[in-house]
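Dear colleague,

Please find the structure below.

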Amino acid sequence: MTLSFFDQFMSPTYLGIPLMALALTLPWVLYPTPSARWLNNRFLALQGWFINRFTQQLLLPLSLGGHKWAALLTSLMIFLITINMLGLLPYTFTPTTQLSLNLGLAVPLWLATVLIGMRNQPTHALGHLLPEGTPGPLIPVLIIIETISLFIRPLALGVRLTANLTAGHLLIQLIATAAFVLLPLMPVVAILTSTVLVLLTLLEVAVAMIQAYVFVLLLSLYLQENV
């Protein structure tokens, strides 16, 4: 039976049980819990260094009110990076290729930033909907446009993450299939195609990390506007 290239993005099941929950739980098992000892192993030291550097870089433009989100944003960053990287392994599933999951992460966090802005500084938050000095006839049109752009933000977050990972996985599978088919027919072309596949895989590793960082960075920028 010939399978579609998009079958790799179907939520896997085993004995009728969906494995999405297992795929979402696995990243938390892979990271060790920091201990209270004075000396830790190299992996814990590297993990702590990465978390500290990322938190410092992420919270640098934020005010003190936004620093309360440090644990949430850092955990989300590590979670997304781990899921994206695990999805590049053979016989695995990438949950972040599902638009429903990405929107489930983007919509509540975006809504939380909007509600914080409405509670702390409602005048400033509503002022984003109408730039200063707008001519009178354009006021209703600009308010509608800015409101639409505000509600499109979570959709853009989810679609960006889904589209980039889905496109990368599809391209890898297409080139791998081409190399497999060309191997008995044109070995030289198949070797060149395999070289392109290796380079594309390295690029996809970078994309998996960058897209997780962009997702969290945009959330921090939305938070910066409302704190």
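**Aromatic rings, core and helices**

At 28% relative accessibility, Tyr213 is partly exposed; buried means under 20% relative accessible area, exposed over 50%, and partly exposed in between, with a 1.4 Å probe and protein chains only. Please note that this is a predicted model, in which local features need pLDDT of at least 70 and side-chain atom pairs count only at pLDDT 80 or more, while totals for chains, interfaces and linings use all residues. Residues are numbered from 1 along each chain as its sequence is written, and side-chain values use heavy atoms, with hydrogens and water left out.

Three aromatic pairs are found in a search of the whole structure. Rings of Phe, Tyr and Trp (its six-membered ring) pair if their centres lie within 6.5 Å; planes under 30 degrees apart count as stacked, over 60 as edge-to-face and the rest as tilted. Phe50 and Phe54 make a stacked pair, at 6.4 Å centre to centre with 10° between the planes. These two residues lie four apart in helix α2 (residues 42–59), and are therefore separated by about one helical turn; helices here are DSSP runs (H or I, at least four residues), numbered from the N terminus. Phe50 is partly exposed at 31%, whereas Phe54 is buried at 7%. The rings of Phe54 and Tyr213 have centres 6.2 Å apart and planes at 70°, so this pair is edge-to-face. It links distant parts of the chain, with Phe54 in helix α2 and Tyr213 in helix α7, 159 residues apart. Phe50, Phe54 and Tyr213 form one aromatic cluster.

Helix α7 covers residues 187–226 and also holds Gln211, which is buried with a relative accessible area of 11%. Beyond its neighbours within four places in sequence, Gln211 is in contact (heavy atoms within 4.5 Å) with Arg160, Leu161 and Asn164.

The largest nonpolar core has 27 residues; such a core is a set of buried Ala, Val, Leu, Ile, Met, Phe, Trp, Tyr and Cys residues joined through side-chain atoms within 4.5 Å. Helices α2, α3 (70–86), α4 (99–120), α6 and α7 each supply at least two of its residues, and the largest share, seven residues, comes from α7. Among the residues with the most contacts inside the core is Val216. Leaving aside neighbours within four places in sequence, Val216 is in contact with Phe54, Leu58, Leu73, Leu76 and Met77.

Yours sincerely
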